[in-house]
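Visitor: I have the sequence and the coordinates open, and I would like to go through the architecture step by step. Please walk me through the arrangement of its parts.

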Amino acid sequence: MIGSADAPLGRSLRYPADVPGSVDDRSVDTASVDTASVDIASADHTSVDLSGVSYEALVAEMIRRSGDDPEREGMLKTPERVRKSMEFLTSGYHMTPDDAIGDALFTESHQNMVLVRDIELYSLCEHHLLPFFGKAHVAYIPDGRIMGLSKAARIVDVFARRFQVQERLTEQIAQAVWDTIQPQGVAVVVEAYHLCMMMRGVQKQNSKTITSAMRGAFLEDHRTREEFLRLATDNSGPL
Ligand code: ZN
């Protein structure tokens, strides 16, 4: 148990106006202090209506709170740049897999695995809004239809250009291929580096996260799955 003397100190650091410093206040146990902090924090971003504030003004305020001056020369256009950059990085919210594939579906009797390897991938983690980046490998076994080769990359972008966790991103890519071309099987592997782990937090520079998602034949037949994993991960170059 944390000593009760810590509670007023911890609270005074975060909410200076909220600590009367009375003897009674010191007897508040840490559990109730934590609850109070959570209430204040959540009230901050749920009850204040900022919908009328421009994106640029919000970014300028973030710069100010970080300790810099959004009015200085080098940063004057930063809020506008951040808005445009963020619009691009989250443009996947306005796209569907059908938009990405268009009419690039073709009838084809090919029954062997089609693998598109090393698709560059850039996304933003939903917990820190920091980038994670790496490669996606997308494979499928056609069942009468194939898609244009560039379309796997387009599908990756539809879901990568959102706030994401890597696990869901991998599943969404697999599900989109499964739904749109209705193949015999789909397999997706994503390998990525997360800046929220590299720049902060545990500061692990070389730890790569690998996720996979499978449907149909890749789940049912271990030889098919192993062939995919061998082809997808063999001789992977540096990132
Ligand atoms: Zn993160």
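Visitor: At what angle do helix α4 and helix α5 pack?

Guide: This is a predicted model, in which local features need pLDDT of at least 70, side-chain atom pairs count only at pLDDT 80 or more, and totals for chains, interfaces and linings use all residues. Residues are numbered from 1 along each chain as its sequence is written. Helices (H or I, at least four residues) and strands (E, at least two) are DSSP runs numbered from the N terminus, while axes are lines fitted to C-alpha atoms, for helices over the stretch in contact, with angles from 0 to 180 degrees between N-to-C directions. On that basis α4 (residues 55-66) and α5 (residues 78-89) have axes 8 Å apart and pack at an angle of about 115 degrees.

Visitor: Which residues of α5 are met by α4, and how do the residues of the contact divide?

Guide: Two residues are in contact if their C-beta atoms, placed from the backbone, lie within 7 Å. From α4 come Tyr55, Glu56, Val59, Ala60 and Ile63, and they meet Thr78, Pro79, Glu80, Val82 and Arg83 in α5. Counting Ala, Val, Leu, Ile, Met, Phe, Trp, Tyr, Cys and Pro as nonpolar, Asp, Glu, Lys and Arg as charged, and the others, Gly among them, as polar, the contact divides into 6 nonpolar, 1 polar and 3 charged residues.

Visitor: Is Val59 buried or partly exposed?

Guide: Val59 is found in helix α4, and leaving aside its neighbours within four places in sequence, Val59 is in contact with Thr78, Pro79, Val82 and Arg83. A residue is buried if 20 or more other C-beta atoms, placed from the backbone, lie within 10 Å of its own, exposed if 12 or fewer, and partly exposed in between. With 19 other C-beta atoms within 10 Å, Val59 is partly exposed.

Visitor: What is the strand order of the open sheet?

Guide: Two strands pair if DSSP finds at least two bridges between them. The edge strands, each pairing on one side only, are β5 (163-164) and β7 (209-216). The open sheet has 5 strands with mixed pairing, in the order β5-β2-β3-β6-β7.

Visitor: Which residue in β7 stands opposite Val190?

Guide: Strand β6 (residues 185-194) is joined to β7 by 8 bridges, and these two strands run antiparallel. Along this pairing Ala192 stands opposite Thr209 in β7, and the residue opposite Val190 is Thr211.

Visitor: How many bridges join β3 to β6?

Guide: Of the 10 residues of β6, 9 are buried, so this strand is largely enclosed by the rest of the structure. Tyr140 stands opposite Val186 in β6. The strands β3 and β6 run antiparallel, and the number of bridges joining them is 10.

Visitor: At what angle does helix α8 run to β7?

Guide: Helix α8 (residues 166-181) lies across β2 (114-125), β3 (131-141), β5, β6 and β7. Relative to β7, α8 runs at about 25 degrees.

Visitor: Why is helix α7 largely enclosed, and what covers its buried residues?

Guide: Helix α7 (residues 151-160) is largely enclosed by the rest of the structure because 8 of its 10 residues are buried. Among them are Ile155, Val156 and Phe159. What covers the buried residues of α7 includes α6 (97-101), β2, β3, β4 (145-147), β5 and α8.
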